[in-house]
Amino acid sequence: PGDRPHGVPGTDFQPVPPNTEDRVVIPEGYEQDVVIGWGDPVVPGAPEFDFHNQTAAAQEKQFGYNNDFAGLIPLNGSGKRNLLVVNHEYTTEPHMFPDYDEENPTEEQVRIAWAAHGLSVVEVQRERGGGLTPQAGRHNRRITLNTEFELRGPAAGSDHLKTSADPTGTKVLGTQNNCAGSVTPWGTVLSGEENVNQYFGNADQVTDPKTKQRLDRYGFSGGASDRKWERFDKRWDLAQEPNEANRFGWVVEIDPNDPDSTPVKHTALGRFKHEGAAVHVTRDRRVVAYSGDDERFDYIYKFVSNGRMKPGRSAHARRHNMGLLDDGTLYVAKFRGDSPESEIDGSGKLPSDGEFDGTGEWIALASGDRSFVPGFSAEEVYIFTRLAADAVGATKMDRPEDIQPSPVNGRIYCALTNNSNRGSAGNAAPDEVNPRIGNKHGHVLEVDDEHTGTRFRWNLLLVCGDPNDPSTYFGGFDKSEVSPISCPDNVAFDRHGNLWISTDGNALDSHDGLFAVPVEGPERGKVKQFLTVPVGAETCGPVITDDLVTVCVQHPGEDAEDPSRPTSHWPDGGDSRPRPAVAVVWRKHGGEIGQR
Ligand code: FEO
Ligand code: CA
Ligand code: CA
Ligand code: CA
């Protein structure tokens, strides 16, 4: 309306109230569509999805399960043709098959699950005043657990990475549990291998104490795995192939511009439960990659390249730039609060200086073949990074999820999703950077980093939850005017530099969603909800372009106790089973997102 004062560009929309509807709820004046979902054809020749007649051969050519990260890479200047690159994080077989027996999965079901992991590359066409339509483009590709990857960087070829199938320690079949990610300035995609421990069986039969200790620190435990893959390929059996575990938990890089390229696992960025990785390019064109380890009480890392980025996205530039992440220094973060410890009481009450803030230091772990951690070789630092970071006293965080540098102000934003164990018996106490006991709703960290240097300043932009809860903080903004937000997971930016946050596991009585918040000016901290997702789903992979919002709707209906009685019927409606899918939102009569 014309009489209404204009809001901050990019966030000027009517916020969506909290709700529990089984659909994607968007602001007034916007439209939406589903782009592609689980089982839809990707590679030419792929059959249409048939829930009751699935095969591994079909899934190898179809869109995978549980889309998480999404990236949009323009193929031409007009923005009409793009590559949509999507991660497929994990499978939930009881929801995927009409007749799944958890004790006795069939070999075909297991092979379908291998093919449902990985990534999809799909050419999409931007419709005039509309959404994205998948095309049968020449770039279209599926990457699965059967796709060959090259292990590169300083730990490639290590004895810890050798298996009976790969005595060189440099070739791995596939990627899994790919959670968040980013598009690099050179047009490739970085993707984090996150909860890779869950796929392996028989950790309890490993007897070597050192191997056992390392497996424990990464969460590999127990006997038979939930999915029973170890029955069909011994590489998932830790008793037979303990080193296969070390070949997952990396940052992978995919070049979607070249469908024949071999994807890479970058050992120089360390091995942990990488939520994702995202790069900042310095003025002298060095590349700094930030990454969080999403586990309670785990760490935030960065990698600084020795080499310099070549501009552009030519094949030559891409090849050079993909090598930058193989040579540099890996660091872990140590935070210090600037308020007296006695003022951090675990309630979320602000200290007397009015902010949770302070300084910090990046502790170097290794550079090339040099280790800086006593008792660890460089190889051991890269492959057992968590243990090396433990040894140097890094700061234990409340589950670092996505971490992204703002292309507008250069600061770094990290979602700390929650940590039910903060301050409980035997666990780390609250501190200024993780200030709440039993942190249920998470917080968002803002870091002003020297990038290639070792010092930084930090503050908490948001301490999440219901704004009526006194333990919350919204960048100092008036809490009566903000949307409730809980369990931040992915972060992204629009071209104005506003932060967009998607949530996973909303611990308030409403669905997950996508939020926009200015980080500068008088409306800094004014969180507004842009959309909510259907029953049981998390929101992820947001991409905010000038006139389109793309989100991944992951695991709709996953909360159903009996999958044959779905709690969600999104996106197909009726009495259908739910399918994870990608959705897009745009302004009804065209125009920029968040402007009116
Ligand atoms: Fe897969 Fe940390 O979320
Ligand atoms: Ca302070
Ligand atoms: Ca995530
Ligand atoms: Ca999450």
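1. Overall size. In this predicted model, the radius of gyration is 23 Å. A compact globule of 596 residues would come near 25 Å, so the protein agrees with that expectation. The C-alpha trace spans about 70 × 55 × 50 Å along its principal axes.

2. Burial. Of the 596 residues, 56% are buried. A residue counts as buried here if 20 or more other C-beta atoms lie within 10 Å of its own.

3. Contact range. Take the contacts between residues at least 6 apart in sequence. Of these, 62% join residues at least 24 apart.

4. Secondary structure. The protein has seven helices and 32 strands.

5. A four-stranded sheet. One open sheet has the strand order E1-E32-E31-E30. Its pairing is antiparallel. Which strands stand at the edges? They are E1, residues 30-37, and E30, residues 538-545. Each has a single partner strand, so one side of each is left without a neighbour in the sheet. From one strand to the next, the twist averages 20°.

6. The E30 and E31 pair. How many bridges join E30 and E31? The two strands pair over six bridges, in the antiparallel sense. E31 covers residues 548-554. One bridge can be picked out by residue: isoleucine 544 has valine 549, in E31, as its bridge partner.

How values were computed:
Residues numbered from 1 in each chain as written. Chains lettered and ligands numbered in written order. Predicted model: local features only at pLDDT ≥ 70, side-chain atom pairs only at ≥ 80, totals over all residues. Pairing = 2+ DSSP bridges. Axes fitted to C-alpha atoms, helices over the stretch in contact; angles between N-to-C directions. Rg over C-alpha atoms; globule rule 2.2 N^0.38 Å. Buried ≥ 20, exposed ≤ 12 C-beta atoms within 10 Å, placed from the backbone. Contact = placed C-beta atoms within 7 Å.
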